[in-house]
Amino acid sequence: MVNSGPFYKFGTAPQNQGLYDSANEHDACGLAMVATLRGYAGHDIVQMALSSLRNLEHRGAVGSDAGTGDGAGILTQMPDSFFRSVLSFELPVAGAYGAGLVFLDTETASEDKAKFEKICAEESLTVLGWRVPPTDSSVLGELARKAMPLIEQVFVSSNDLISGMDLERRLFRARNRSERDIGLYLCSLSSKTIVYKGMVTTLQLEPFYPDLSDERFESLLALVHSRFSTNTFPSWPLAHPFRYIAHNGEINTVRGNANWMAARESQLSSELLGDIDQLKPIVSKGASDSATFDEVLELLVLSGRSLPHAMMMMIPGAWEKQLDIDPQLRDFYEYHSMIMEPWDGPAAVVFTDGDLVGATLDRNGLRPGRFVVTEDGFIILASEIGVADIAPDKIVRKGRLQPGKMFLIDTLAGQIVEDEQVKSEVASLEPWGEWLESGRIKLRDLPEREHVRYSSKSVKRRQRAFGYTEEDLKIFVAPMALAGQEPIGAMGTDTPIAAISERPKLLFDYFTQQFAQVTNPPLDSIREEVVTSMTTSIGPVRNLLEARPEHAQQMVLDYPIIGNDELAKIKHIDRANDIGKAVTVSCLYRVDDGPEALEERLAEMCAEADEALLAGATFIILSDRGCNRELAPVPSLLSCSAVHHHLIRNGTRMMTGLVIESGDARDVHHVSTLIGFGASAINPYLALESAEDLVAIGTITGITAERSSKNMIKALGKGVLKVMSKMGISTVSSYGGAQCFEAIGLSQELVDKYFTGTTTKLGGVALPILHDEIAQRHTAAYPIETANKDSTPLDVGGEMKWRRDGPPHLFNPETVFKLQHSTSQKNYEIFKSYTNAVNDQAERLMTIRGLFSLNKDLREPVPISEVESVDSIVKRFATGAMSMGSISPEAHETLAIAMNRIGGRSNTGEGGESVERLLDRERRSAVKQVASGRFGVTSMYLTHADDLQIKMAQGAKPGEGGQLPPNKVYPWIAEIRHSTPGVGLISPPPHHDIYSIEDLKQLIFDLKRANRAARVHVKLVSQFGVGTVAAGVAKAKADVVLISGHDGGTGASPLNSLKHAGTPWELGLAETQQTLLLNGLRDRVVVQVDGSMKTGRDVIIAALLGAEEFGFATAPLVVEGCILMRVCHLDTCPVGVATQNPELRQRFHGQADHVVNFFEFLAQEVREYLAELGFRTLQDAIGQVEVLDVNRAIRHWKADGLDLAPIFAAKDIVTTQTQYCSTSQDHELEKHFDYPLIDRAKPALKDGMSMEISSQINNTMQAIGTMLGNELTKKWGEQGLEPGTLKLNLTGSAGQSLGAFMPRGLQIDVEGDCNDYVGKGLSGGIISVKPPTTAGFPASENVIAGNVIGYGATSGKIFLNGVVGERFMVRNSGAIAVAEGVGDHALEYMTGGRVVILGKTGINLGAGMSGGIAYVHRLSESKVNREALQLGEITLSALDKAGADELRGILEQHLDFTDSLLAKILLDDFPSHVKDFVKVMPRDYARIVEIQQDAQATGIDLDGQEVWTQILEVTNG
Amino acid sequence: MADPRGFLKVTDRETAKRRPVPVRIKDWKEVYEERNSGVIKEQASRCMDCGIPFCHAGCPLGNLIPEWNDLTHLGKNKEAIDRLHSTNNFPEFTGRLCPAPCESACVLGINQPAVTIKEIEVSIIDDAFDAGFVVPSVPDRITGKTVAVVGSGPAGLAAAQQLTRAGHTVAVFERDDRIGGLLRYGIPDFKMEKQHIDKRLEQMTAEGTRFRTGVDIGIDITWEDLRLSYDAVLVATGAITPRALDVLGVDLSGVHYAMEYLTEANRVVAGDEVDNQVSAEGKHVVILGGGDTGTDCLGTATRQLAASVTTIAIGQKPEEERSEDQPWPMDPRLFEISSAHEEFGDRKYLHSTVELVGENGILTGISVADTEFVNGRRVPKKGTERIMKADLVLLALGFTGPESETITSQLNTELDSSSNIIRDAKYRSKDSLFVAGDAGRGQSLIVWAIAEGRAAAAAIDEYLEGETQLPFPVKPTDKPISVYS
């Protein structure tokens, strides 16, 4: 498809090719807003905005062409007097004309302008004239200049000289129509505001548009924005600001939002806007998420809602679970949830309509926003504090944006409107609550239905028809039914993906889940459940542009998954009221009539749905009940999506709720896909009946049948929430229909027709094959011949655990055995028979790479003696990241020893490394991982790494966190993780310092300063779009990008992730190579690949596709003795590999020599391939795609439809760069703040002398102290120096990551304030921050530091004389920290240390906190994580003597370091104030500490068996 | 659900006890005491439900061992037997007679005693018979096609049952007077009482399988005639040509092939009168060959009150532990003490037979020498010859292949280099003639025979109907898991 339209013009992006698709582009950014309350406009506002923008430069990015920025821009009020003075023609009074910048195509400019004027005329507007604003293209980068449009300014007035909103609406119509009809791009066309933007850097914006420097260019307000795009193809139109907003973040649900907008279009009508048909589509093709958001916001505002009202609709706060929310506001939100789903995703949005200017933050608060208010009425809000240079004594208030809250300034009235006031005004506009009461239908209010129970025989017959296996029942249904929990598995997947599976697969299996990585964060649906919502309302949705009582006539469901009785209630709803009417459409077809019958039936189903709507149905139920010998079920996903898209196309989708009565859905992935493809609610009846049957036949005991069905629903629902969270989506209403899936192995035609808009890169099967698969299942259920099958069990399965009659596994008895035997006996011949067995399976359609063949005729073979040696090849090998914790110390060390022997690299995995191993060249791991839990990530750990690997995602469960349960935190694990034995540890789904690409850039920056010699890796999981992410990662200056396949992954993972998230590495690697080449970034990063690599052939194919380093995990584990028990999560590994159980560890019999043999054999095989293919070195082979021959790929009934060509598309990319890494990133290390200080601080760093250094700082100086810390650690080791040996006295606003990873001996005292990530990974250093003594505001009420302070700190102290942002001291394991007020989610996942909070706290304090103590002043119980309190995991108590003493000691230090007035007041009368403090302490931690104290007192070994037994008693309850 | 920690809780392997030797050698009944169902359940809980169940791979039938171990642990006997029957027609035979390569492959066996799989298997089926779960499964629809199965050993019976249930009309031909082949006359009752065969035949008869005993195909009816009369013919005649001993004196009176000896003994136990039965009573017996057949002879001779029994083997005494060239999960050749060895007799290794000696045509002894390895061949070491006293020598030296004269001559079928009847990947020899079991594979284990019978049934069903729903557990060329394959 050719990309055209205004958003495709004036960009540098190539057309979609190979696996590259421009739809994957992401961006993230820095933004700022400046306004004044003084009531008159001035150029100073514009200047202040532009200078703020310049100070955000580090948040933007430049690509391979160093001069070209990703885009920047400014939005101001109409500079009326400026225009009057520069224009040659007359303007009507201010407000009676509109103006805007137009991007024109040079070639068609004059005719386009004429067309534009014609459209204006049709809208009763007159073009007053055109102006060519001066531009200086010499400042641009080359790419930007090439794509630069002709830029003109147009001035328009109405024929009847209207103004205000009436004029705005007309201008909108003209602009909108000319974009749709002519393909023009207008940056804006408004009587109130104007946008100047382009493909420029923050520094280039002003020189490029000299207008902006003109003193006469005046405004009361300004929005500025700097963009960081993941690729190097930014475009002129996609720069921010748009017409109303600038946005930092990403709308994850944009595909769904856009689909729903399209579905709503036919109903849109607004008297104010006139004929809307001319304005469609509302959502432009090719627009970014932000641009789309802006288009819809604009529609809402121009059709009559106020700007704050519209913002509240699109980005509602988390109202669903807030108990103390204003009821009127709750009603407002609930009512509007029936009209529009949230636009969900990390977002800080600044917005303006020219009068009001404001900012809001998404419900999770995942983007920073800081503001200051000055005494003379200036307000500056930006992604960072310190962007504008303002004297401290002028500042009267410092604040921050808060999750779900709005910050609004009315520039006309000259005042700040606080969040509560804005919202209460909007919430009281209409009697929303009454409308809800009269319209809303609740399921529980409908008449109860008698429960129908099906016999075992009936259940079993239908289980067969829907392809159930024994394994399904045992591994999926039973655990869900029994415990309401999603099933867990281990050791990844090694069966064929659906696209190439010989066996009939369910349609669900062809879809893989998307997940968040790098460009937005996954959410923690467990610990941060408070911001999520599974509530959904179904039924007809009415005209978006109106608000009437009837809009509330919907059915509210607490859960999108419903039981059989609940469905029955809906089916019979017309008996209960006259609002609803349900019609059931049967989804069965005559299977003997073949695929045509299937296609026909789908068409009939759509037609029946249309009829139902004509007959007034408000609920359509698509049901596959009732199959028999003749009638087979259509896959429910196909029925659902087909009807959903049909109704969207007909513009009738919003008229009905679509309920799926599904027999095939039984797994979390199944329900998730159904919701994702448009189901409003799902009744997985057969899964529920199966659960009840398992109780009836006694397979699961101890619960009732009714409970089993409820548990099943709960487990499925929780699973869906988790799937949403992986994608970073918090509400099911915005997840619904968002199609966050990609298809592998479905034909484009099928997808276009039934799954419109979904990506299917490789093509694949269409209806005939789907029919074959249905027919195969159907024949098994309804055999034509012979003996009755009643007593024959179901198919055994074999998807998770190998079975002879099940799907083939790459690791099976033969391959495991041969691999083990050949490496232990050092027998290359048997090793070859192992690799032959694997490769042969691969060719028998088990993997995508199995389909490739190697073209040996292309090049002259070389003698093997001339090929690079085994010793040299093995250096490119690494073992995968497996923590010591997930595998046993023995297994972990054996790998490390082997890799060190051959000069490869082993990986610590998440979980640190003992200092003893750290310093042992034989036993250390060269690659140190930095994962979201940051366990054991200290200055020492980082300093002693060869490579530092940031794990963004892991193959087995991308987008998810992990958990080490208490009973696996043995003393030796606790020690290296800096935690307490027996206290459970959580690795959160996101890195809490990476919510976007610029945050990743920051972490890379920090790590590079913590160890300048180490390469920084970023580990990504293969999925559609990973190439674009990889390009962003390369721009963020990673040295190595690791693409991990979906299939690898040791350790535990929910089964739906293990099987259905991510794609094979072949796809991700090929896309990465192609995108990097297209972007000109390939030669500056190393590309590594891992994921189920097993043989020399795998290595060669990876190399040919572009990989230069190779990781292995499962195979070396097998060499060590792993026999794929798949019980890593149960701590019962019988061969001592994946367990900490001392008894089982004794059974470990792996040997480093065997692992060495494996890698040497592998290298030898690689050499043989190289010789045959005619390469002398592996480097020569990298990226030589043409050697892969797809034409000779194995043919197969299913694979026939696959088009593998996109995988090989790199061969068509013309480039001058090398196909492998041949240069390096410019890390600009010498520009770092610390760099010059290393010399100055020699006396301290070298000789341990005390000294102080003073300096002025600003927000562009990031990670201050980190490089000095690295130097200190290099010399002084783990213990560092005496506290305060080297002191930095700093004045000003510190950039992000102040004092990151700072070791003991370093101290930073800031007078001023600081940004996010203060004291990240603090390793013993001290940080204090206080406001300037001249500050014009009280310290304890103002914001002094940003979000995520002290993340992963292991020791040290932080004293903050002021309020801080969200997620204070997340995952602290040993530091002491004080703040005088904190935002939401403080102390999350904390495992140790002490925290003192002296002021207000946000919600959800202590979520997932398993250790440490907090002393919180006047803590309200309602702010503490609800589940933890209810379950008693966290206890709140008054302070005892020891606690009081400890608190007093900490307060005294706080006073000492910061002169805190608050601390002084509290200490002055400590005995009376101490009563106001609450001690927050996890229950188990308290008990364990007690046990340890007792043990210490009696002299028992703390890490001994006796203490451990006591601890286990505590943790097991 | 299976207890993932079961193997840590029950660490010892516990099998059923054998009855005391003095008691059991007084009768022909099975040597085991009644099993304790509590122990069985507990032992079943040791199964780890592996990600890769090597046991399931090690079993030619593909028995779903983890599944029925779990069901046994849970006490779900009906489901357990359904599961077991889904891969194995005759668990009561295999549970008693199979040497259990599954247990050799058991993952627990890497560093612990393996799960007692075989015993769990036999307890499932015995309990099922007791509980009345084993009922005829009569086909709903009859195809009208007819199949002749020649030979009624495990392969033939398994094929017959599968084909009958698939709706075909099946006649099983057996040249002996009773159905069962080697099961019937080759296996002594102390290993498997014959009532187990009879119970199974009762079920098969009720399902519609027809049995024709006393008909020797190739002689009573020609193979060609049989082929013309039936839509398909399955040859399941076994590989019962005994390996001969090429030394002086083999024709002395008192020298017998083991199978002759066992057959007569079994007939007598079954109540038949056998004229001039070869009996070991009061004799000094020497058994040549250290395999299972030799052991069966030993147990039989013991019960016939032999004066002495010596088993001599030409090779080395097998290792008691796995050696490096027989790594897990291979089925290793190990030194085993079977029930017969417990009871009586001597075992000698590295003994080569030089000649059999006698007086007046009657055996009196056997001349043996130490075995020497020359160019990889085992030969008697000169100068070490000595005479052992012997009144009865039983030749248990294995089998060389099927008795194939009539079939090759009448149907022009071909033999492979091991003199087994050649068949294709779908067990077809030619036209409508199929071959399963030892006749095609050569001497093997009972599980292979049943597996082949099942697979051949599927092949025949497909041949007759164009498609099949029957399982096809093994290919004719499948081999046990091994380093060398």
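Is A:Glu1271 buried or exposed? With a relative accessible area of 17%, A:Glu1271 is buried, where buried means under 20% relative accessible area, exposed over 50%, and partly exposed in between, computed with a 1.4 Å probe on protein chains only. This is a predicted model, in which local features need pLDDT of at least 70 and side-chain atom pairs count only at pLDDT 80 or more, while totals for chains, interfaces and linings use all residues. Residues are numbered from 1 along each chain as its sequence is written, chains are lettered from A and ligands numbered from 1 in the order in which they are written, and side-chain values use heavy atoms, with hydrogens and water left out.

A:Glu1271 forms a salt bridge with A:Lys1274, the closest N and O atoms being 3.0 Å apart; the term stands for a side-chain nitrogen of Lys or Arg within 4 Å of a carboxyl oxygen of Asp or Glu. The two residues are separated by about one helical turn, because they lie 3 residues apart in helix α42 (residues 1266-1276) of chain A, helices being DSSP runs of H or I with at least four residues and strands runs of E with at least two, numbered from the N terminus. A:Lys1274 counts as partly exposed, at 47% relative accessibility.

Over all chains, the structure holds 126 salt bridges. In one of them the side chains of A:Arg629 and A:Asp592 meet at 3.8 Å, N to O. A:Arg629 lies in the loop between β24 (619-623) and β25 (631-633) of chain A and A:Asp592 in the loop between β23 (588-590) and α16 (595-614) of chain A, so the pair ties together parts that are 37 residues apart in sequence. A:Arg629 is partly exposed at 29%, whereas A:Asp592 counts as exposed at 58% relative accessibility.

A:Ile950 itself touches, among others, A:Val930, A:His991 and A:Lys1019, not counting residues up to four places away in sequence, where contact means heavy atoms within 4.5 Å.

In chain B, B:Leu163 lies in helix α10 (residues 154-165) and counts as buried at 0% relative accessibility. The C-alpha atoms of B:Leu163 and B:Ala456 are separated by 9.4 Å, although the residues are 293 apart along the chain.

How do the two chains meet? The size of an interface is often given as the accessible area lost when the parts come together. Chain A and chain B bury about 4100 Å² between them, 58% of it on carbon and sulfur atoms, this area being the accessible area (1.4 Å probe) that two parts lose on being put together, summed over both. Here 47 residues of chain A are in contact with 52 residues of chain B, and 6 salt bridges are counted between the chains. B:Arg83 forms a salt bridge with A:Glu470, with the closest N and O atoms 3.5 Å apart.
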